[in-house]
Amino acid sequence: FLAALKKELSNALKALQQGSIAPVDLAQAAIGPGMAVFSRHSKVVEPDGSDMTVRAALTLINQALDEVLSEQEGDFDSDTRFCVRWFQQFGWDEQPYGRADELSRATNPSVDGLVRGGIFWSRAGKARLLEPSELSDEWDPATDDRVSVWEVVLRLAQALTEQGVDEAARLMAAAGQRVDLDAAKELAYLLYSICEKRKWTRSGLLFNGLGTSWTDLSAAARTGGALTPPPMQDALDFSAGEE
């Protein structure tokens, strides 16, 4: 059951992400394909020999979804892998420089390179990710000598929130010449999932808005036309403070 679940959920996840499913709805949407695997068996047996309950199956489906989302990191560049792992642990919080140095050795990019890339801050023995609102103005992905999937997602999310679909679509069209936009979409879903689990509502809204609007942005980026994205889901509330 577990082997079939992971294999089939991986394919189902890609199909869901390629559609117009919002990140906030992804876990609920994944229940259908997951339960289809469970229901296909006349019986699923726990390690102790007892029959697996539907409730236990749902827990395993959620765990498998988390694993599949995390495995998509293999589609990301090294700068993005560093940022994702940092974000999972610390969010936007400032940490001792040593933690950044240790993580950079495990994921390849140097801390200095991340700082030069405009996505990380380090000073006086401290380090942290730059939030979307802190990224430099007047960004041109065509001339940026260090573009990462991480930076593209943050800039698209910020542009969509602050300037609307036209500017976000313009950036998407330009960024698509430098990075894999499918990987960028996967990252938006992954970042929302992280925010949901850590109860980071403000950042969750940002990434859910981008994922929800992705289809409209892609259409506008291809045609150069102006489209109105779906409304942001302001009702999201993870019942805890932001990072």
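Which residue of strand 3 stands opposite Trp121? In the predicted model examined here, local features are reported at pLDDT of at least 70 and side-chain atom pairs only at pLDDT 80 or more, while totals for chains, interfaces and linings use all residues. Residues are numbered from 1 along each chain as its sequence is written, and side-chain values use heavy atoms, with hydrogens and water left out.

The residue opposite Trp121 in strand 3 is Arg128. Helices (H or I, at least four residues) and strands (E, at least two) are taken as DSSP runs numbered from the N terminus, and two strands are paired if DSSP finds at least two bridges between them. Strand 2 (residues 120-123) and strand 3 (residues 126-129) are joined by four bridges in the antiparallel sense. Phe120 has Leu129 of strand 3 as its bridge partner. Arg128 also lies over the face of Trp121, at 5.3 Å from the ring centre; a charge is placed over a ring if NZ of Lys or CZ of Arg is within 6 Å of the ring centre and within 35 degrees of the ring normal. Two residues separate the strands of this hairpin, in which Ala124 adopts a positive phi near 50°. The open sheet comprises three strands in the order 1-3-2, with antiparallel pairing. Its edge strands, each pairing on one side only, are strand 1 (95-96) and strand 2.

Aromatic pairs were assigned to rings of Phe, Tyr and Trp (its six-membered ring) with centres within 6.5 Å; planes under 30 degrees apart are stacked, those over 60 edge-to-face and the rest tilted. By this rule, 10 aromatic pairs are counted. One of them, formed by Phe87 and Trp200, is edge-to-face, with 5.1 Å centre to centre and 70° between the planes. This pair links distant parts of the chain, 113 residues apart: Phe87 belongs to helix 4 (residues 78-90), and Trp200 to the loop between helix 9 (181-198) and helix 10 (201-223). Both Phe87 and Trp200 are buried, a class defined by a relative accessible area under 20%, with exposed meaning over 50% and partly exposed in between (1.4 Å probe, protein chains only). Phe87 and Trp200 form one aromatic cluster with Trp92, Trp150 and Phe207.

The loop between helix 9 and helix 10 also holds Lys199. Phi of Lys199 is positive, near 60°, and the residue counts as partly exposed because its relative accessibility is 39%. A positive phi near 55° is likewise found at Glu138, located in the loop between strand 3 and helix 7 (149-162). Glu138 is classed as exposed because its relative accessibility is 80%. Most residues other than glycine have a negative phi.

Helix 10 contains 23 residues and spans 33 Å from its first C-alpha to its last, close to the 33 Å expected at 1.5 Å a residue; the expected span is 1.5 Å times one less than the number of residues. A bend of about 55° occurs in helix 10 at Trp214, the bend being the angle between axes fitted to the seven residues ending there and the seven starting there.

Ala168 lies in helix 8 (residues 165-175) and is buried because its relative accessible area is 0%. Beyond residues up to four places away in sequence, Ala168 touches Leu156, Ala159, Leu160 and Leu217, contact meaning heavy atoms within 4.5 Å. Cys195, placed in helix 9, is buried because its relative accessibility is 0%.
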